[in-house]
Structures are given as C-alpha cells and as structure tokens.
Amino acid sequence: MRWLGQIDRGFAAPLCFFLIAVFFVIALLFRNPPEPHYRDSFGSGKTAEWHAYGGSWDSYGGAIRNNSDERGAKLITGSSQWSNYTVEADVLLLGQNGDAGLIVRSSDEEEGVDAYSGYYVGLRDRNNTMVIGRADHGWMEYQAVPVKDSIHPFHWYHLKVIAVGCEIAASALDPESQQETAVAMVENDCARKGRIGLRSYSSGGLWKNVRANPAVSADLAAIVDRTQVADSPERLQTEQGFNSLLPYSGKAVGPTDSSSNGPAMNIHTPPLGSLRFVSDIQASPVTVRGSVVLTAPVLYIEDSSGGVAVELPQSSPVKIGDELQVTGVVDARPGGVRLRNTTLRLLWSRGPAPPLSVTASQAATGAFDGMLVEIEGRLLGKSRVQGRSVVLDLQSGHQAFRAILHGARQDLMFDRLQPNSLLRLKGVCVADPAFTENLTSFALLLRSSEDMGIVAGPPWWDTRHLVEGGFALVILLMAAVFIYFRAEQWRMSAVAEERSRMAREIHDTLAQSFAGIVLQLESALHGPRSDVESAPVAMALNMARQSRREAHRSIAALRTLHTDQSLENMLRKVLRPLISESHVKLSIASHGTPQRLSGEAEGQILRIAQEAVANAIQHAMASRISVRLVFEERKLGMEVEDDGRGFEVSTAPAFEDGHFGITGMRERAASMNAHLTITSADHGTKVTLVVPIPPRRMQLWKLAPPWTQRIGQPLRSWLSR
Amino acid sequence: MFFCLVTCACHPQSSRTIAVIPGTTATEFWEAAHGGAEAAGSQTGFRIYWNAPTREDDIERQIALVQRAIDAEYAGLVVAPTNYLALVGSVRQALSKHIPTVVIRSSLPIPPGQGLSYILNDDQETGRLAATRVGMLLAGKGQVAVLGLDPSRPTSILRARAIEVELAKSFPKISVVEKRSGSSNTGEVQQIAQEILTEKPSLDAIITLDVTATEGTWAALAALRISKRVKLIGCEQELDLMAGIRHGDIDSVIAENTYEMGFRAIQAIAAQKRGEPVPDKIELKPVLVTKVNIDKDEVQRMLSVNWRMPH
C-alpha cells in the first residue's frame, strides 16, 4: 500500500469520490432485481401507477375500463426489471370483432397498435381463439387456439399468464362453464424483463383483480403440460398457414344488432347538424346516425356536420367510437341539442375519430357544439367537485373556458397540473349551462385523463421562482466571491513559498559566495603577498561585504514577507539583524489600528526601512534609531529617525557603494504611489514615508473551513506554476 | 470507455435508424412492407423504427410520427402518405434537414430529387388488371360498380380512371353504372354496398379500390347471399380476403407488392447514404391473385407478413 502514500494529497479527495461513484454504479448494476408483486386498487379508484398508451381508460365498478375501440390501446405498470412472474386478471370484452388480454415483459412502449416490445396473450372474439405472440413494434403470432363454447363479449374470463425464462404460457378459464384453454410459446432470443400491461384491440375491455407475483418453472409446467409449445410464428405469418389453421366463416362484419328492441337500420338519416333547426312545437321522433365521442356524464354522438347529446334509455354498453343509430325526440335548446326518449341500435364498432383542432374563439361561437375538438389553453385554476369531477379553469386569448373530467382516472392528472401551464385538451365542446354554469361560453367534457396534454409547464418567472432564483443567485455570488478570495489566498501562499525558496537559494549560493570572496580578499589584503595593490583590493572587499549584507537583507525580507505577521513584527525581524553587531539602540513602534497592505507594498516598505536604518548605522554613526508606524484610515506613515550626523540631501550620491541608496528608496516609494521625504540636519536624519492604503477588501476567505485548503492544494500548485 | 460514452451521446442510435411510417400498422397489407424493410435493414446494417397511426385516416398522428423522425435526425425516412397534401410540409422539412426520404405506395406533389424518391404501386396497371378480369368474367358484357373512391388519394382516382379507360377500350359493352366513395369503416362500406346492390339488382360485378371497400362489399354480398352471382374484384390484399378467394366468395384481389416497397425503400436510403444515385421513381407491378395462382411462390411471398424472417 506504499503507492497510496505517494498519491498527491490534493488528488485523494477526487479519487475517493470516483471510487465511491464506481462502487455505486457496480452496486446498481448487480443489485437484486425488484420482486414482481402487484395487486390493483381499482376498487378504490386508484390507477395512478398505470400509464396509458392510447384508448380511453377509467375506473368502472371496481374494474378498469378501456371504453374505446382503438386498436392496440395499452395500459402499462410495474418495473422494467421484473423478470419471471405470473400475471392474472379477470378480463371482459366490451365489443365484437376484437380482442383483449394481458401483456408481459413489456418495454419500449408508445402509442401504436403493436408499438411495444413484449408478449401478449388475448381472447379474440372475431374467430373465437386465444392467441399468444411476440410484439416488437410489429406482431408475431405464435399460437391461436380455438376456445370451446366461443368467446362472448360482456362475459368475464380469468386470464393467467406465466413468464419464466424464455417460455411464456397462459390459460383462460370461463368461470361459468369451467372450460379452460391454454397456449404456450418459447422464443430463443427472448425479452427477459419488463412491465405488465392490459391491452385491447378494437373491442375495448374491462379488467379487474389484476395481480402479479413471482413465478418459477413449476408454475409454468402446470400449463405447458396441457398444451403444445409453439417455438416459431412462421406458420401463422404466411397466408397458407394463416388460412389453413383458422376456421372460415365467411364475412360477417355487418351491423351489430345489440338492441333487440331497436329499429331496423335506416339508410337515409338527416345530418346531426340539421337537428338544431327541428321545431319542438310538434315534436316527432327522428332517426339519426353518429359515432360516439363521449359516454359519461352524457352520451354524445357526432358526424361531420355536428353533435348531439343523447339520453340513454338504460345502461347501454356503448363505447367511444361506436357507430350508433338513434331514434328519439329532438329537444333543441340554446345550450345544445338533446335527443330524448331514445332507442339505440349499435351499427358498428370502430376506432375513435380524431378531434378537430379549433381555437377557443371558434369553439365559443357554438359551431362545434357536441363535437370532439382539440383546444389549447392556459390553466388558471383547478378544483374537485363532489369528489366525482375535476374542473379546470382555462384561458386562451380573450376566451375563458372550462374543462371537466368526470370520473376517469382523476388521481393521475389532478396533482400533476400546475397553474399557468399550457394545456392541450381533447374533449366534447358543450355550451350546456349545466356544465358552463353560465360562467364561460363553452366547456370541454374530457373523456379520460389521456385527453389532456401538458404543452409547457408554468413560466419560470412567477414570484416563487423569482425568489428562489434570487436566493440561488446570492448563494452563487457568495460562493464565487469565496472561491475568488480563497484562490487569492492560495496564490499569495504560493508566492510566499516561492520567496522562501528564493531566500534559501540566495542564502545557499549568493551569500555563501560573497562570504568566500570576502575571506579571499581579506587574506589577500593582509597576507604576505606584497605585489597586491591594497587600494583596489580594499575597495573590492568593501563591495563584497556590502553585497553580502544586501544578500542577507534580501533573505530576511523574502522570508518575512507574506506571513500572517503584522508589519511592525516584520520590521523587527528584518531590522534587528542590522544592529546586531553594533551598539545602536533601535526602537520600533506602531500607532493606530494595524492594517494589511498588499504583499508588494509591504515588501517595498521593509526595503525602504532597511535602507534607512542601514544608512543611519553605516554613514550617520547614529546611536539611536527609532522606527514609527502610524496607521490611519487611508494611509500609513512610517518615520525612520536617527540621532547621527546629518548630510546634505541634495548632494547625496545617486549610487552608493554599488547599490541603490536614496534613489532606490525614492523609486520604491514611487512604485507604490507613496511619498518619501528625507530631512537631515546636524543632529540627525528623518526619513518619512506616506503610503496610501486602498479601500479595505472583504476577507471572506477567513470564513472558509480548513478542509478547503486541502482540496485547494492541487489548485495552489497549479497557480504557483 | 469515456470516449465511447461521449461518442454514443453525440451520435445516438438514430444515426443508424431509418423510420418507416406506413398508413397504419398491424394489417397484413402493411406488415409485408415491414418485412421488406426489416430484410433490407439487416442487409444494409440499419435499424428499422416501425410505427404508424392506429387508423389510416389519422393524418395528424402520422404527421406527428414523421415529425418525431425528423427531430430525432434519423438516417432516413420512409413514409406512405395517407393524404396527398397534408404531409407535404413534413416531407419538405425532412429534405431541408438532409434526411433521405422515400415516399412509398402513393405519391406527393413534390418533384423527386434532392434526397426524395418514390417507390409506388403501378395504379394504372392495377386498374387495367381489374378491368381485364371483369371483362373476362363477364365475357365482355354487363354492369359494373366501382366502390371506394377517395378524392384525397391520387391512387384511388388513378385506379378508377384506368378501369374505365380499359373497359371502354377493350370491353365497350361493359358499363360502369355506379361509382361511390368508400370509408375507413368496414361496416359503413357494407351499408353503401348494400344500397348499391339494392338499387342496381342487375349488377354483375363490383370492383373495390381498397381493402376496407373489399371487406365491406364482401360482407354485403354475404349478407344478401349473392356472392356467387355478383363478382367481387378487390384492390389491395389482406389475409382474410385470401380465404374468401379460396372459398370462392371473392373472385380475385389485385395485390400490391408492399414487401418490395419496404425492401427497396431501405435500399434506396442506404444507397443515398453511400453517395450512390437512386432512381427518382419506381413503379412496382401489382399481381392479380385468383384461386388459380394463390399458392404460387411468387404470390405467397408477397402475402407473407413474417417481418422477422428473411424472405
């Protein structure tokens, strides 16, 4: 584990984070799949866990109903990770010439007849067969087994589907006759996981007691032992196979006489739009035809000319899309046409017609009364009425209207809707005051929660979002400032580190060399060699000594700067060594509230102080030197005063002993916009420096917790580079 | 691995996916096209996205699916328009985004070229075959009704016109006594057919222009028990119509080669992707399916809906 110790401490945290993330991903991939346990709550009207792909779904008498003839309407629930399980339900077909059943191992679902990947087992009344097959955005029928006693609409069957490994088997039990039919299939490259679903094709359907539980091979064997297992769909997918296996009954798709007391089919019927002009003074029955666009709370039928409400004679099992012939008395009111005292004849079952797209202003004219339309509107409010209906208040342009959903899967939509969302709604346009309450010019009666689509959520600039956004902005700003100052601190630390390194370098190289040169020159000057000219050697010796002192001052200054010490303490550190070999008394004092200056400025102040003190010691022969710092709000004053012999400031040399003297001090002062004054008399010299202090900056970095320094280590290295 | 993740994110699966949007799905007529598309897809290395509206007259849903393919920037688009005009905007948008597009079965008012090509059924030949069959069945003399006209589909108009032209040219003693529009609902067509048969009791044959019209007319003939007397010649195929042919209730069906449409459409897009030229327009010959030739390999191949098995 030695390599661990070699990892840069700065990379330890990201590495740990990465390893933890990898661990979680692996754990996620290899976790135990969820157990398939499900029991429906249709009895209490809860259906929110189901997702619809087509159809018109609602809770109905403890069951869930697809009240639509749409081909391949699906309702899906469960986990995509469910693998081996049994699904069972009681299934009832609501019409003829279709099928209804269960889906297992479903994935990749979307609207469309076979637009999913999975297996379907259905009861088909068109040819009285129980079918099983594979759907993968297309249908491959593996088996179609005739059902004894036929399949009857409006009759409950118990359907059970078992999926284990790559084998799917199913049984259908007629509870009355106790006749059971079984189908089974096996697929090599099978779908091994997926959700469960309910599906109907053309007939609509009812499902109740839907349950899912884990299954094992023994469960499968109970069905497989009683039937052949189809391993290929080939035969049913060719014309010869299809027509040789299925019984031929001729073509019989004609009008369905579901109402024994209904009138005969009337070929010539008036368009529904013309019923508005029927006089109700001498009311006589009329016969009309139309397709069902709504079944609850009122039955509506429409044709291309208009739509009417129909009073049902009794609980008639009509579905959306059914073509009806209706005979009744016309009740034409301003709020819409209604047919009373009616008798119905179900002509055909067909898929629901697509709605007409209209604007709210067009709908408000009444031209589309009783017709299925599609309108966009912005949601203003929502409410529940007596627990049975959901009422949405909407606005489109200058038109206000309401949308009413009666019964169907309200739990799914109500919580999802947010005020100010833009909705696209499909429903029957009605002007009946029973629905509009004379508050709006029209209302839309929705068929199911699937009739409502959210085009766009509420705009982000509402009050709550603005407050949240402002709060987030402040937090971000604070974080940015914090990071900036933290980075600045890291940069300064890096600079300090670099200066220390330079100080070490100067000490180990330059200063040592000067020491060596001084020794050599001293030995040359005082040695036995007489041919050495003493004056130049003495001068070189002097210069070397001076350079050595300069080097030590630089070292002292470099080591002192950029620490957390005050300027007063730094002065003590750099000035004390200057007087160590003399009897000069040095006093350093500070007045006012100490403030930190930039590192650069503090460096220049130290060097000016060093120069002034060095001059006082070397040239003025001073016995006392006082250094005084005076901090004011916007400036710092520094006075270096000695009691030595003065000098004529105006004639002071520009360069002195090879190094910058007064000129250097003036240049250093100028570099930080400071003002340097030197006054000298016989009894001493006074160097006064006035440095402007910029406005104080926030020091948020002081709030930063210590761990940020550890995280910032790599950044600091990078900054120092 | 990181590179792979980034690459996959930037170039999603859609870059190797071709969207095929027929008029509807789960009908034998269109599932054959699905088979053709899948077979060509596996040959050329493209994945096929297959979906369509649940009703053939749901234009809005078809436009939405085409739009989805455009937004996902699929490698190509194959569409069988359900309306002559409604899809013009969407197809033009696909072309403007340089998505190679093949329109199958029924044409659009957009000239081919610049990424657009057509693979259509030869509707003139369909009409000619229907007229020739009727002329042969009626021995050159009788009354015929044409059912299933749809003014919004050029296919329908072309077929009806070709029938009349061929009858006038080759069988002048056969007259078209009734031409009626159809419906997307079988029951509704059945009612229309029963009206015609009631009003024209001396009718000898009915030519239907699409599957729904054929099924509705078949049901009407069965309901009136006159399927042996009044000959039914249908356009477009479904497997249960073939059962009607086998049992003599339907005389014949003129089958379109939708398998080949799907197959060639994917090949054309693959060729465009390779920078190779593709023909602007291909018209595939239909085949008259009768009790005599229904078991021939050529016919059975056209009728196969096994979209997962190579033909």
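Chain A, in this predicted model, has 14 helices and 34 strands. Of its 721 residues, 40% are buried.

Arg39(A) and Asn209(A) are 170 residues apart along the chain, and their C-alpha atoms are separated by 7.2 Å. Arg39(A) itself is found in strand β1 of chain A, residues 38-39. Is Arg39(A) buried or exposed? It is exposed, because it has 9 other C-beta atoms within 10 Å, and the cut-off for exposed is 12 or fewer.

Staying with chain A, here are some backbone details for those of you who like to check torsions. Most residues other than glycine have a negative phi, and most peptide bonds are trans. With that in mind, please turn to Asn341(A), whose phi is positive, about 50 degrees, although it is not a glycine. You will find Asn341(A) in strand β20, residues 336-348 of chain A. It has 12 other C-beta atoms within 10 Å, so it counts as exposed.

Asn673(A) is another one to click on. Its phi is near 55 degrees, again a positive value in a residue other than glycine. Where does Asn673(A) sit? Its place is in the loop between α12 (662-671) and β33 (675-681) of chain A. Asn673(A) counts as exposed because it has 11 C-beta neighbours inside 10 Å.

And then there is a peptide bond to look at. Ala296(A) and Pro297(A) are joined by a cis peptide bond, with omega at about 5 degrees. Pro297(A) lies in the loop between β16 (285-294) and β17 (299-303) of chain A.

Now, over to where the chains meet. On the chain A side, 35 residues are in contact with 39 residues of chain B. Which elements of chain A supply at least two residues each to that side? They are β10 (139-146), α4 (239-245) and β20. The largest share, four residues, comes from α4(A). By class, the side of chain A that touches chain B has 14 nonpolar, twelve polar and nine charged residues. As for confidence, the predictor gives the complex an ipTM of 0.90 and a pTM of 0.69.

Let's move to chain B. Its average pLDDT is 91, and 95% of the residues score at least 70. One stretch to treat separately is residues 1-11 of chain B, where pLDDT stays under 50 and the model has zero contacts beyond four places in sequence.

Next comes the sheet in chain B. It is an open sheet of six strands, in the order β2-β1-β3-β4-β5-β11, and the pairing is parallel. Why does one side of β2 and of β11 have no neighbour in the sheet? Because β2 (47-50) and β11 (281-284) of chain B stand at the edges, each with a single partner strand. Between neighbouring strands of this sheet, the average turn is 15 degrees, with direction ignored.

To zoom in on one pairing, take β3 (residues 76-79) and β4 (residues 101-105) of chain B, which pair in the parallel sense over three bridges. Leu77(B), for instance, has Thr101(B) in β4(B) as its bridge partner.

Two helices to show on this sheet are α2 and α3. Helix α2 of chain B, residues 28-44, packs on the sheet and touches β1 (17-21), β2 and β3 of chain B; its direction makes about 160 degrees with that of β2(B). Helix α3 of chain B, residues 59-71, also packs on the sheet, touching β1 and β3, and its direction makes about 170 degrees with that of β1(B).

I'll finish with α2(B) and another helix. Two packed helices are described by the angle between their axes and the distance between the axes. The partner here is α10 of chain B, residues 258-273: the axes of α2(B) and α10(B) come within 6 Å and cross at roughly 35 degrees. That crossing is right-handed. Among the residues involved, α2(B) brings Trp30(B), Ala33(B), Gly36(B) and Ala40(B), including in its contact partners from α10(B) Tyr259(B), Phe263(B) and Ile266(B). The residues of this contact divide into 13 nonpolar, eight polar and one charged.

Note on methods: Residues are numbered from 1 along each chain as its sequence is written. Chains are lettered from A and ligands numbered from 1 in the order in which they are written. This is a predicted model: local features need pLDDT of at least 70, side-chain atom pairs count only at pLDDT 80 or more; totals for chains, interfaces and linings use all residues. Two strands pair if DSSP finds at least two bridges between them. Axes are lines fitted to C-alpha atoms, for helices over the stretch in contact, and angles run from 0 to 180 degrees between N-to-C directions. Two residues are in contact if their C-beta atoms, placed from the backbone, lie within 7 Å. A residue is buried if 20 or more other C-beta atoms lie within 10 Å of its own, exposed if 12 or fewer, and partly exposed in between; C-beta atoms are placed from the backbone. Ala, Val, Leu, Ile, Met, Phe, Trp, Tyr, Cys and Pro count as nonpolar, Asp, Glu, Lys and Arg as charged, and the others, Gly among them, as polar. pLDDT is the predictor's confidence in each residue, from 0 to 100. A crossing is left-handed if the near helix is turned anticlockwise from the far one by less than a right angle, and right-handed if clockwise.
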